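User: I am new to this structure and would like to go through a few of its features with you, one at a time. Could you take me through them carefully?

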Amino acid sequence: MNPGLQYTRNIGIMAHIDAGKTTATERILFYTGITHRIGEVHDGAATMDWMVQEQERGITITSACTTTFWKYNEQEYKVNIIDTPGHVDFTVEVERSLRVLDGAVAVFCAVGGVEPQSETVWRQANKYKVPRMAFVNKMDRVGADFFGVVSEIKDKLGSNPVPLQIPIGSEEDFTGIVDLIERKAIVWKEDETMGMKYEYCEIPEDMIDMVEEWREKLVEAVCVSNDDLLERFLEDRDSISEEEFMAYARRATINMEIVPVFCGSAFKNKGIQRLLDGIVALMPSPIDVGAVQGINPYTEKEEDRNPVNEDPLTGLVFKIATDPFVGRLAYLRIYSGQLNEGTTILNSRTGKKERITRIYQMHANKQNPKSVIDAGDICAVVGLKNLRTGDTITDIKHPLVLETIDFPEPVIGVAIEPKTQTDIDKLGVALGKLAEEDPTFQIKTDHDTGQTIISGMGELHLEILLDRLKREFKVECSVGSPQVNYKEAITTEIHHREVFKKQSGGRGKFADIDVYISPNDDGVSGLQFVNEIKGGNVPKEFIPSVEKGFKNAMLNGPLAGFSVDNLKVRLVDGSFHNVDSDQLAFEIVARKAFRTAAMKARPVLMEPIMAVEVLTPEDYMGDVISDLNKRRGQVEGMDSKAGVRVIKAKVPLSEQFGYVTVLRTLSSGRASSTMEFSHFEQVPANIAKEIMETVSGKSL
């Protein structure tokens with residue numbers, strides 16, 4: 001049964017680690033009848049955390065997708081839910097999920113409030129313009145502060161949080177909520193029904209003034225963008241019906257003017273049904289989101305695709321996964337058209353046709369076969385061999401390229417060596433499959449040592465990948481110590497002329513270019529290539545070869561072979577030979593020009609700097625700050641939250657290996673920390689010298 005596109009919701013659950021989003025998702029599955037028993041994260045039995053590593057560690061690593069149904073106002077709604085990880089090492093899973101979602105539920109811990117990864121996922125949601133609502137979880141925990149979290153969402157995230165309900169009591173006295181629109185109290189029964197039953201009752205006497213105050217704020221926030229509604233409200237406060245008000249609240253949510261806030265305790269089974277009501281009542285359907293824009297590769301003009309079955313097929317691959325039973329699964333968001341089993345589609349990136357053999361609607365790692373998927377839906381398909389994350393699939397006769405997904409660069413690497421000859425043969429295949437699944441996992445071979453270097457987003461990320469190599473692919477590896485992924489950059493502009501001549505009997509090679517190389521213009525990364533040749537001194541068919549030569553040369557910087565990802569090249573002059581010049585000659589001359597000119601352009605080493613947040617009891621604050629200073633950290637601020645001190649600092653990644661263990665020792669196990677990539681910064685000269693000598697035996 002498909003309730004129709006206007007009754008479909010594609011939403012993600014996102015949050016900081018340990019805010020309780022997987023527990024909230026498990027409750028959603030239970031109350032919607034998808035599961036008949038509640039799986040607990042701490043028991044390793046959560047449906048959505050299906051990987052062995054997730055169950056052992058009690059964390060979410062991959063984004064899991066499921067489809068469920070919920071009845072609201074006598075109408076059945078279809079809800080596609082993606083449960084995303086909270087740990088910063090797996091931020092790519094959040095990024096690619098938000099790219100294809102129509103709305104998101106941000107889960108906040110009532111004690112922890114807005115934490116570092118909350119800010120990261122919020123920024124990602126801003127980037128993709130995803131409307132969201134908030135769920136303040138763990139209201140039963142000691143130190144729970146609903147209104148404190150609401151003010152943090154406003155101050156730290158720069159949003160407009162508007163509670164639609166407020167809690168009755170907190171900590172162990174948390175018994176229910178007051179619905180501000182209906183002006184009714186809802187209390188859950190503590191019995192064997194697992195929170196399935198709740199009852200409406202009168203608002204407690206001591207809360208009436210508070211309820212009216214917050215109701216006034218809610219109505220004002222919704223009415224402020226609609227003059228007619230505001231006028232009606234001011235004339236007669238009861239003239240607006242609940243249904244009409246919810247329609248305006250929905251519009252304000254979809255336009256990202258407000259963030260509706262709900263509350264509850266997922267673990268204690270309180271507040272989830274009302275959250276589900278909020279999801280279907282306030283979150284956008286694919287129709288509300290409207291047409292998706294893409295570029296036609298033939299005409300290079302922008303075209304729209306509407307979320308209807310009648311438009312040509314257009315979908316985006318947002319995840320690749322390897323399933324031991326069905327093989328390579330490609331997760332798709334279908335933006336327009338119908339996807340049928342056995343259809344041949346066009347991969348817009350490769351220009352090649354591929355045939356879809358099977359279609360599934362996913363429930364975590366279980367597949368429900370389907371013969372057709374409608375526009376606006378999310379599914380997984382089998383049979384597409386050459387698809388990568390971010391690829392667009394389209395109707396063969398109506399090609400379109402959608403905006404792809406940007407992924408962050410890995411910041412940490414380790415050298416690995418297979419233990420046996422049979423492991424050598426299996427390693428390449430296993431690494432290839434893992435790299436297909438995870439765009440932030442990179443593999444390269446060190447030219448000097450011949451070692452295989454794998455790179456990722458953090459120590460935990462690499463630890464999980466190595467564990468998967470061992471368990472899923474049965475490959476045993478020896479692992480070296482972690483290495484920081486440094487980069488190189490030039491700091492000044494240099495004018496350079498390079499001539500390449502090679503004569504070896506018969507036809508020779510000749511290329512001549514005159515270039516200025518400098519750091520990029522602000523806000524541009526990668527190679528910024530500007531062709532300023534006039535008069536045909538270098539024929540236009542050789543210009544792409546010059547650009548290609550510089551791009552390839554940037555993979556190995558002049559100092560220690562680290563990549564350069566910030567370079568501007570202005571090609572101003574050159575010459576060629578009618579017989580000896582060809583594309584390869586101009587590619588070679590560009591590589592030689594880079595090597596020579598970059599060494600003169602005052603090259604420097606750049607290191608990844610991490611944003612670190614430490615939560616520590618007051619007693620250990622001095623020791624923690626002292627330790628951060630020893631690690632070349634810069635403390636940027638201190639705050640108090642829920643009885644502990646919060647220290648924010650920027651620290652070089654190279655100084656942070658093994659930090660969790662040291663922090664536990666310093667604080668008798670009572671402090672915790674989170675860390676995420678912030679930016680690249682120049683390495684101090686004395687440390688750069690040590691790195692250079694270690695890496696390549698050179699000195700600065």
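**Salt bridges, a helix and a cavity**

Analyst: In this predicted model, Glu607 forms a salt bridge with Arg632, and the closest N and O atoms of the two are 2.8 Å apart. Glu607 belongs to strand β35, while Arg632 sits in the loop between α15 (621–630) and β36 (634–641), so the pair ties together parts that are 25 residues apart in sequence.

User: Is Glu607 buried or exposed?

Analyst: The cut-off for a buried residue is a relative accessible area under 20%. Glu607 has 1% relative accessibility, and therefore it counts as buried.

User: Which residue forms a salt bridge with Glu613, and how many residues apart in sequence are the parts that the pair ties together?

Analyst: The partner of Glu613 is Lys648, with the closest N and O atoms 3.9 Å apart. Because Glu613 lies in strand β35 and Lys648 in strand β37 (residues 644–652), the pair ties together parts whose separation in sequence is 35 residues.

User: Why does Thr616 count as buried, and which residues is it in contact with, leaving aside its neighbours within four places in sequence?

Analyst: Thr616 has its place in strand β35 (residues 604–616). Thr616 counts as buried because its relative accessibility is 0%. With the neighbours within four places in sequence left aside, the contacts of Thr616 are Met621, Val624, Val644, Arg645, Ile647 and Ala671.

User: Which elements do the buried residues of α6 pack against?

Analyst: Helix α6 (residues 208–223) has 16 residues and reaches 22 Å from its first C-alpha to its last. Its buried residues include Val211, Trp214 and Leu218. The elements that the buried residues of α6 pack against are α5 (146–157), β6 (161–163), β7 (165–168), β8 (176–179), α7 (227–235) and α8 (242–254).

User: How many charged residues are in the lining of the largest cavity?

Analyst: The residues that line the largest cavity are Cys65, Thr66, Thr67, Gln361, Met362, Ile378, Cys379 and Ala380, and about 30 Å³ of space lies within this cavity. By class, the lining has five nonpolar and three polar residues, and the number of charged residues is none.

Definitions and conventions
Residues are numbered from 1 along each chain as its sequence is written. This is a predicted model: local features need pLDDT of at least 70, side-chain atom pairs count only at pLDDT 80 or more; totals for chains, interfaces and linings use all residues. Side-chain values use heavy atoms; hydrogens and water are left out. Helices (H or I, at least four residues) and strands (E, at least two) are DSSP runs, numbered from the N terminus. The expected span of a helix is 1.5 Å times one less than its number of residues. Buried means under 20% relative accessible area, exposed over 50%, partly exposed in between (1.4 Å probe, protein chains only). Contact means heavy atoms within 4.5 Å. On a 1 Å grid over the protein atoms alone, a cavity is a set of points where a 1.4 Å probe fits but cannot get out, and a pocket is an open set with protein on both sides within 12 Å along at least five of seven lines; lining residues have an atom within 4 Å of a point. Grid points are joined across faces, edges and corners, and a volume is the space filled by probe spheres set on the points. Ala, Val, Leu, Ile, Met, Phe, Trp, Tyr, Cys and Pro count as nonpolar, Asp, Glu, Lys and Arg as charged, and the others, Gly among them, as polar. A salt bridge is a side-chain nitrogen of Lys or Arg within 4 Å of a carboxyl oxygen of Asp or Glu.
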